[in-house]
Amino acid sequence: MHAITVADPGGPEVLQWTEVPDPVAMPGEVVVDVVAAGVNRADILQRQGFYPPPPGASDVIGLECAGRISAVGDGVEDWQVGDEVCALLAGGGYAEKVAVPAAQLLPVPAGVDLVTAAGLPEVAATVWSNVIDMGRLQPGETFLVQGGTSGIGTHAIQLAKAYGARVAATAGAPERLERCRELGADIAIDYHDDIAAELKKATDGHGADVILDNMGAKALAGNIAALAPDGRLMIIGFQGGTKTEVNLAALMAKRASVTALGLRARPVEGPYGKRRVVSGVRTLTWPLVEEGRVRPVVAGTFPLPEAAKAHATLEAGGVVGKLILTAP
């Protein structure tokens with residue numbers, strides 16, 4: 001088969017379409033013939049040499065895909081050859097075939113085509129595990145997502161709104177703020193402004209019960225200021241750096257918590273494993289997708305051999321939603 005490989009870390013030009021060995025379905029796994037794969041910020045970090053795959057995972061970039069099962073390993077009972085699926089991956093998505101634990105498979109939601117479905121697993125699993133599961137967002141609470149027009153942001157706005165929360169989102173330009181409102185945000189804040197002050201103004205001083213943040217260090221102080229009493233800050237990225245000081249007194253005064261959760265390196269099984277996350281997505285998120293209350297937002301598609309163009313486009317900024325790679 002062919003896959004996108006990286007000989008040495010670098011810019012988009014290091015992504016090469018080359019021939020590699022076919023994957024094999026081990027016990028508990030299936031092989032998926034990839035129709036499409038989602039592009040994520042983490043893919044760029046891996047290409048640059050900053051986000052290596054966890055032990056035992058494929059070196060091929062790609063954290064999600066959609067396609068058809070072509071082989072089933074021993075012990076797999078709920079899936080069969082020919083099933084159309086999308087999958088959460090630890091790696092391997094930028095390829096014509098990928099082996100994946102059956103526990104990380106999801107059926108393609110009714111009303112969603114295979115190409116579009118490729119952009120759902122990573123954002124759905126990230127948002128469910130952070131916002132709903134560990135963040136404990138409740139209907140009627142206020143939710144803030146930093147970066148509302150990203151792939152994560154466009155999904156998080158819709159899911160939290162459908163779940164019954166009051167939703168706030170940040171973006172950096174008027175047209176992007178308007179897009180957040182179109183997706184369901186009740187409050188749209190320019191991230192060049194004082195986010196905490198603007199959020200409190202819009203919520204009668206309450207702030208956010210749950211914040212989903214991809215900036216990390218740069219945004220930490222502002223996020224703590226924006227939290228409501230008993231608020232929960234969920235950090236999923238470090239675009240603004242990894243090290244900063246934290247005012248513990250401010251956290252204690254609000255009885256607030258700060259949690260940083262990764263998804264890729266989690267085990268399949270266990271109380272916080274990927275099986276549980278995927279099951280939660282299937283139970284909560286998939287019905288909302290099938291009802292049309294949470295819609296995948298696809299900004300564009302690229303042929304898989306041209307993954308370098310997709311990476312360059314994402315890095316250039318301005319993408320609303322997800323970019324998808326389509327297999328030959």
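The model is predicted, so local features need pLDDT of at least 70 and side-chain atom pairs count only at pLDDT 80 or more, while totals for chains, interfaces and linings use all residues. Residues are numbered from 1 along each chain as its sequence is written, and side-chain values use heavy atoms, leaving out hydrogens and water.

Let's start with helix α10, residues 307-316. Helices (H or I, at least four residues) and strands (E, at least two) are DSSP runs, numbered from the N terminus. In α10, Ala307, Ala310, His311 and Leu314 are buried, where buried means under 20% relative accessible area with a 1.4 Å probe, protein chains only. Looking down the axis, those buried residues fall within an arc of 100 degrees, so they line one face of the helix; the arc is taken from the directions from the helix axis to the C-beta atoms. An α-helix has 3.6 residues a turn, so residues three or four places apart point the same way. Among the elements that cover the buried residues of α10 are β1, β14 and β15, with contact meaning heavy atoms within 4.5 Å.

Next, strand β4, residues 64-72, is the place of Gly67. Gly67 counts as buried because its relative accessibility is 0%. Leaving aside residues up to four places away in sequence, Gly67 touches several others, including Val34, Glu84 and Leu114. Glu64 also sits in β4 and is buried, with a relative accessible area of 0%. A polar atom of the Glu64 side chain lies 2.7 Å from the backbone nitrogen of Glu122.

On a 1 Å grid over the protein atoms alone, a cavity is a set of points where a 1.4 Å probe fits but cannot get out, and a pocket is an open set with protein on both sides within 12 Å along at least five of seven lines; lining residues have an atom within 4 Å of a point. The second largest pocket has a volume of about 530 Å³. Of its 30 lining residues, the closest to the centre are Gly56, Ala57, Ser58, Gly91 and Ala99. Strand β6 gives the most to this lining, with five residues.

There are two cavities of 30 Å³ or more. The largest holds about 80 Å³, and α4 supplies the largest share of its lining, four residues. The second largest cavity, about 30 Å³, is lined by residues including Val145, Leu212 and Ile236.

Technical notes. Buried < 20%, exposed > 50% of the residue type's maximum accessible area, 1.4 Å probe, protein only. Points joined across faces, edges and corners; volume = space filled by probe spheres on them. Polar contact = N/O pair within 3.5 Å; in protein donor to acceptor, adjacent residues only side chain to side chain.
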